[in-house]
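Please consult the sequence and the structure while reading.

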Amino acid sequence: MVLGHFGFGLGAKKFAPKASLGTLFMAVQWADLLWPTFLLLGIEHVNLRPDNKKFPLEFWDYPITHSLLMSLVWGAIFGFIYWLIKKDKRSALVVGICVVSHWVLDLIVHQPDLPLFPGNAPKLGLGLWNWPVLTAVIEFSLFAIGLLYYLRTTRAKNARGKWGLWMLVILLVVLHIAGLLSPLPASSHAIGWAAQYQWIFVIMGYWVDRNRIV
Ligand SMILES: [Zn+2]
C-alpha cells in the first residue's frame, strides 16, 4: 500500500490542523521510509520472487519496521518527540496514531507476513493484494477521501500553496502507478536505494503546507 498511507496523512490534517503535512506524511510512511535503509544496512531482509506475479516481494524479515509492537513503539516515540517540540498534546496523539496506522493499513493488503512482535511471532495479513483491482479501488478511495479532508481543512495562501498541492497529488499518483507497472528491481540492494525517493513527498509535504493556511 502506498497511496492509502498518504491519503491517511492528508486526512489526518483535519484532526491535527497545526501539524505540518510533511510531519503527517513522515508519520504514516515511517515504516516504509525506514525499511529501505534497513535493507541497505542488512538489518532487515526481503526475497525477490520474479516468478510470482502477485507477490514478487517476499517480506520474510522486517520486524523492526513492520511488527505491530514496534509500530506502537515508533508511534509512542514519534508522538513524544512531537510533544517535546510543539507542546501540543492533541497533535502529538494524532501523529502517533498516524505511525500505527501504517501497520493497520498494511494488514489489509499484505500476505500473512506482518509479525505481531520481533522474534518468533505469529504473522498476520488479510491478503487483499490477491485482488489487484479491488486493492486499487480501496487505495485510490482512501487517497481521495484524505485529499478532500485536506482541501476542506486548508486553503492556499499563494500560488505555491495551490499548484504545489496539485503537483504533489499528481506526482504521488503517477509514481504509484509507475511502481505497479515497473519491473522488479535486480536486488534488494537496488530496492533499498530506489525506495528512498519517498522522502521527496515528506519534503514536498512541508513545502506545500507552509504555503497553505488552516
Ligand atoms: Zn509498509
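## Helix α7

Helix α7 spans residues 132-153; helices are DSSP runs of H or I with at least four residues, strands are runs of E with at least two, and both are numbered from the N terminus. The 22 residues of α7 reach 31 Å from first to last C-alpha, close to the 32 Å expected at 1.5 Å a residue, the expected span being 1.5 Å times one less than the number of residues. The model is predicted: local features need pLDDT of at least 70, side-chain atom pairs count only at pLDDT 80 or more, and totals for chains, interfaces and linings use all residues. Residues are numbered from 1 along each chain as its sequence is written.

Glu 139, Leu 142, Phe 143, Gly 146 and Tyr 150 of α7 are buried (20 or more other C-beta atoms within 10 Å of the residue's own; exposed means 12 or fewer, partly exposed in between, with C-beta atoms placed from the backbone). The buried residues fall within an arc of 95° seen down the axis of α7, so they line one face of the helix; the arc is that of the directions from the helix axis to the C-beta atoms. They pack against α1 (3-12). The face turned away carries the exposed residues Val 133, Leu 134, Val 137 and Arg 152.

## Helix α10

Helix α10 (residues 199-210) has twelve residues. Its buried residues are Phe 201, Val 202, Gly 205, Val 208 and Asp 209. They cover an arc of only 130° around the axis, which puts them on the same side of α10.

## The whole protein

The protein has ten helices and six strands. Buried residues make up 35% of its 214 residues.

Definitions and conventions: Two residues are in contact if their C-beta atoms, placed from the backbone, lie within 7 Å.
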